[in-house]
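Subject: Structure handover

Hello,

Here is the structure I promised to pass on. Please open it first, then read the notes below it.

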Amino acid sequence: MYHDSYSDTHIRAILDEVKTIAMVGASPNNVRPSYFVLKYMLSKGYEVFPINPGHAGKEILGQKVYASLADVPVTIDMVDIFRNSDAALDVTREALALSPQPKVIWMQLSVRNDEAATLAEDAGVKVVMNRCPKIEYGRLSGEIGWTGVNSRTLSAKRPALKGGFQHRGLRKE
């Protein structure tokens, strides 16, 4: 697959399909991007499992932190990699060793590893690189447009508010 751009349909399908996310490199520091993404994805109804061996057994935003992907007690739909590009290959290998394998390997903004992508895609796992699921969710739902950002999404449909957050078909409640 070509990884320099993704269609909105492709990203939307992933965000609709995924229910459980393992966030590798999650931080308890509330000024770190991973903390914001964890909080946001939880607010959208995803079940998010923080992975950080240095904080294993503790909690981030009420979620138990695990040392490794293999320690997560449920099937993981998506592995969100908040590590550097070099580490993405080892994280991908760890993810592919799971049974069942995740449906998606998602590498955060500035994270790109073509070898990891090829390995995952050869195993039938979808890959997204250099993107943030929080940003993509907000953009595709139209929510990001509330702050004056051009989301490239046009609609005459009035967004529905649930619990103070906008939802437009990306999550089925």
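**Salt bridges**

Arg112 and Asp114 form a salt bridge, with their closest N and O atoms 3.0 Å apart. Asp114 is partly exposed, at 43% relative accessibility. Please keep in mind that this is a predicted model.

Arg112 also has a salt bridge to Asp4, at 2.9 Å from N to O. Asp4 sits in the segment before helix H1 (8-17), and Arg112 sits in the loop between strand S6 (104-107) and helix H4 (114-122), so this pair ties together parts that lie 108 residues apart in sequence. Both ends are partly exposed: Asp4 has a relative accessible area of 47%, and Arg112 has 33%.

Next comes Glu115. The side chain of Glu115 meets that of Arg93 in a salt bridge, 3.8 Å from N to O. This pair links distant parts of the chain as well: Glu115 belongs to helix H4 and Arg93 to helix H3, 22 residues apart. Arg93 counts as partly exposed, at 43% relative accessibility. There is also a network: Glu17, Asp77, Lys103 and Lys126 are joined by salt bridges that share partners. Over the whole structure, the search finds nine salt bridges. As background, side chains of opposite charge can pair when their charged atoms come close.

**Aromatic rings**

How many aromatic pairs does the structure hold? There are three. Take Tyr46 and Tyr137: their ring centres are 6.3 Å apart and their planes stand at 80 degrees, so the pair is edge-to-face. The cut-off for that label is over 60 degrees. Tyr46 lies in the loop between helix H2 (33-43) and strand S2 (47-51), while Tyr137 lies in helix H5 (residues 133-141). Are they buried or exposed? Tyr46 is buried, and Tyr137 is buried too.

The charged end of Lys134 sits over the ring of Tyr40, 5.0 Å from the ring centre.

**The largest pocket**

The largest pocket has a volume of about 160 Å³. Its lining is made up of 13 residues, and the closest to the centre are Val24, Ile51, Pro53, Arg83 and Val91. Which helix gives the most to this lining? Helix H3 (residues 85-96) does, with four residues. By type, the lining divides into seven nonpolar, three polar and three charged residues.

**Backbone points to check**

Most residues other than glycine have a negative phi, and most peptide bonds are trans.

- Ser99 and Pro100 are joined by a cis peptide bond, with omega at about 0 degrees. Pro100 lies in the loop between H3 and S6.
- Leu61 is not a glycine, yet has a positive phi of about 50 degrees. Leu61 is placed in the loop between strand S3 (59-60) and strand S4 (63-64). At 31% relative accessibility, Leu61 is partly exposed.
- Asn130 is not a glycine either, and has a positive phi of about 55 degrees. Asn130 is found in the loop between strand S7 (126-128) and H5. Its relative accessible area is 33%, which makes Asn130 partly exposed.

Best wishes

Note on methods
Residues are numbered from 1 along each chain as its sequence is written. This is a predicted model: local features need pLDDT of at least 70, side-chain atom pairs count only at pLDDT 80 or more; totals for chains, interfaces and linings use all residues. Side-chain values use heavy atoms; hydrogens and water are left out. On a 1 Å grid over the protein atoms alone, a cavity is a set of points where a 1.4 Å probe fits but cannot get out, and a pocket is an open set with protein on both sides within 12 Å along at least five of seven lines; lining residues have an atom within 4 Å of a point. Grid points are joined across faces, edges and corners, and a volume is the space filled by probe spheres set on the points. Helices (H or I, at least four residues) and strands (E, at least two) are DSSP runs, numbered from the N terminus. Ala, Val, Leu, Ile, Met, Phe, Trp, Tyr, Cys and Pro count as nonpolar, Asp, Glu, Lys and Arg as charged, and the others, Gly among them, as polar. A salt bridge is a side-chain nitrogen of Lys or Arg within 4 Å of a carboxyl oxygen of Asp or Glu. Buried means under 20% relative accessible area, exposed over 50%, partly exposed in between (1.4 Å probe, protein chains only). Rings of Phe, Tyr and Trp (its six-membered ring) pair if their centres lie within 6.5 Å; planes under 30 degrees apart count as stacked, over 60 as edge-to-face and the rest as tilted. A charge sits over a ring if NZ of Lys or CZ of Arg is within 6 Å of the ring centre and within 35 degrees of the ring normal.
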